[in-house]
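Hi,

Here is the structure I said I would pass on.

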Amino acid sequence: MSVPVKYREIGDFHEYYSGTRVAPYLTLFVGGNHEASNHLWELYYGGWVAPNIYYLGAANVVNFGSLRVAGLSGIWAGYDYKKAHYERLPYGPNEVKSIYHVRELDTRKLLQVRTQVDVGISHDWPRKIEWQGDFNQLFRFKPHFKTDAQNGRLGSPAAKYVMDRLRPKWWFAAHLHCKYSAIVQFNSDAHSTPAANAIGTPYASNDTKNAQNTKEIDLGNDAEQPLDGDASGPPAKIRNKDEIDLDMEDDVPAVSELPRSNHGSTVAQASENSNSVPSDLRDQLPASFARPFPVSAPSVSHPEAITNETTHFLALDKCLSGRRFLQILDVDPVSRSPDTRANTQQSLTYDKEWLAITRAFRNINPLTSPVPYDHGESYYRPLIDAEEAWVEENIVKPGRMVIPEKFEITAPVYDPEVGLHPKEHPREYTNPQTVAFCAMLEMENFFNASEEEREARMANAPLADSGGAGDGGRGRGRGRGFGGRDGGRGRGRGRGRGRGRGHS
């Protein structure tokens, strides 16, 4: 887990992972930037991380009852957007961060969806969504957001692309540690003006400890002060001497619109000084030395079957005492797909169109570079249509659409009597759920390596007890989450003694 050493501690997720506790309600989630990412890597296509807790994968569309839900994991970092998911254990200090950066390939798949969804979920806010709510109040209580918002740098372009394409009735996000709501009207010029009536009362939490930097995240005991109703000016800045910036590497300069090639992919413009460092040498440098990758919006036509014109956006605060992190909503479906109409048992099911999209992209290995360029919607559409017919015959008609509730423990369960003081690196596991999913769709499982390959990588790793400062290093982790797998057994190659918040 990418988190400073001082914040690494065991939480309670290992109790759900081990089965000691069971989530009382079905819980769907996407990955963010403080996850046990090596465990989520095992479930790239989605899967159960514990009984009744389902990870949507890097990108996904699933159905629950009459609701159709789309999800996109990760946060935005333009310099990693076009890359493959190249990160493999043992992680270095750059990989422990880049592993949770959203990728173009996953975004591209969601942009192939042509039918209506009800709910969209991302960790990052869609870019420019702040302008669709009470942004004046947002900037009063989060004054450091204003500059990034005005420069077009707040939020994720990838999440915006997907929201603008899918136009769900609801879009939920997190990441910026405040509660905020907005309305996006797609049948008007609402993209440049705030909406008149946001959901409830647009609200930004009085979390003044983070007022120095948009990406600054305080994980300490910073209970929210209640609003006093006087919003005439920003609250006084209160600085915590222990405050640590967790995400500076995720700050990326604003991206510009660039010309496109005939197939719709972005054409980068080389600067006059691009030869100051030869490209072959620059490619050998760590990711932090890479130039920000310029990205422009993909060119896709709007599908006729996506008819919803209003998206309600809601972001919630951190799960801490006194914070506004919970809201109960009634969500009436706007999708009319046969999959959701037939799902009357309130079960979690696969989505026919998404399975077809997954099969259409099955020959692209998401782990290796270079990632094939985007051929455009006209290229993918006939492939997806053919795969949808395959899914109908092989998955729908045989009655295989319900997602099996077959969670399996893959890494050792946390033992409080032993603690987590590993002498070895965390291991990479092949998840049986991913094996079963790939077998169902008759496609290669790229997330299954031989033991020889894994041993060879581990043999080149530094000593596990050499610590793990800063970036989720492999220190003496006290894991939180899935079975002692990531921060807990540390993932970065940093120095220090880490108390990792890993998986278990």
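**The sheet**

Seven strands make up an open sheet, ordered β8-β9-β7-β6-β5-β4-β10, with mixed pairing. At the edges sit β8 (180-185) and β10 (348-350), each of which pairs on one side only. On average, neighbouring strands in this sheet are turned by 25° against each other, direction ignored. Two strands count as paired if DSSP finds at least two bridges between them. Helices (H or I, at least four residues) and strands (E, at least two) are DSSP runs, numbered from the N terminus.

Before going on: this is a predicted model, where local features need pLDDT of at least 70, side-chain atom pairs count only at pLDDT 80 or more, and totals for chains, interfaces and linings use all residues. Residues are numbered from 1 along each chain as its sequence is written, and side-chain values use heavy atoms, with hydrogens and water left out.

Back to the strands. β7 (residues 170-173) and β9 (residues 310-315) run parallel and are joined by four bridges; Trp170 has His312 in β9 as its bridge partner. Helix α10 lies across β4 (59-64), β5 (67-72) and β10, at about 155° to β4. For angles, axes are lines fitted to C-alpha atoms (for helices over the stretch in contact), and values run from 0 to 180 degrees between N-to-C directions.

**Helix α11**

Take a look at α11 (residues 377-396). It has 20 residues, yet its end C-alpha atoms are only 25 Å apart, short of the 28 Å a straight helix would reach at 1.5 Å a residue. That expected span is 1.5 Å times one less than the number of residues. The buried residues of α11 include Arg381, Glu387 and Trp390, where buried means under 20% relative accessible area, exposed over 50% and partly exposed in between (1.4 Å probe, protein chains only). The buried residues of α11 pack against α4 (104-110), α7 (157-166), α10 (352-360) and α12 (432-440).

**Cores**

The largest nonpolar core has 88 residues, and Trp125, Phe313 and Leu355 have the most contacts inside it. Its largest share, six residues, comes from α7. Apart from it lies another core of six residues, among them Tyr91 and Tyr100. A nonpolar core here is a set of buried Ala, Val, Leu, Ile, Met, Phe, Trp, Tyr and Cys residues joined through side-chain atoms within 4.5 Å. Leaving out residues up to four places away in sequence, Leu355 touches Tyr350, Val391, Ile395, Met401, Phe437, Met440 and Leu441; contact means heavy atoms within 4.5 Å.

Most residues other than glycine have a negative phi, and most peptide bonds are trans. Now the exceptions:

- Leu89 and Pro90 are joined by a cis peptide bond, with omega about 0°; Pro90 is in the loop between β5 and α3 (95-98).
- Ser369 and Pro370 are also joined by a cis peptide bond, with omega about -5°; Pro370 lies in the loop between α10 and α11.
- Lys128 has a positive phi near 75° and is partly exposed, at 42% relative accessible area.
- His175, in the loop between β7 and β8, has a positive phi of about 75° but counts as buried at 7% relative accessibility.

The His85 side chain makes a polar contact with that of Asp106 (2.7 Å). A polar contact is a pair of N or O atoms within 3.5 Å; within protein, one must be able to donate a hydrogen and the other to accept it, and residues adjacent in sequence count only if both atoms are side-chain atoms.

Cheers
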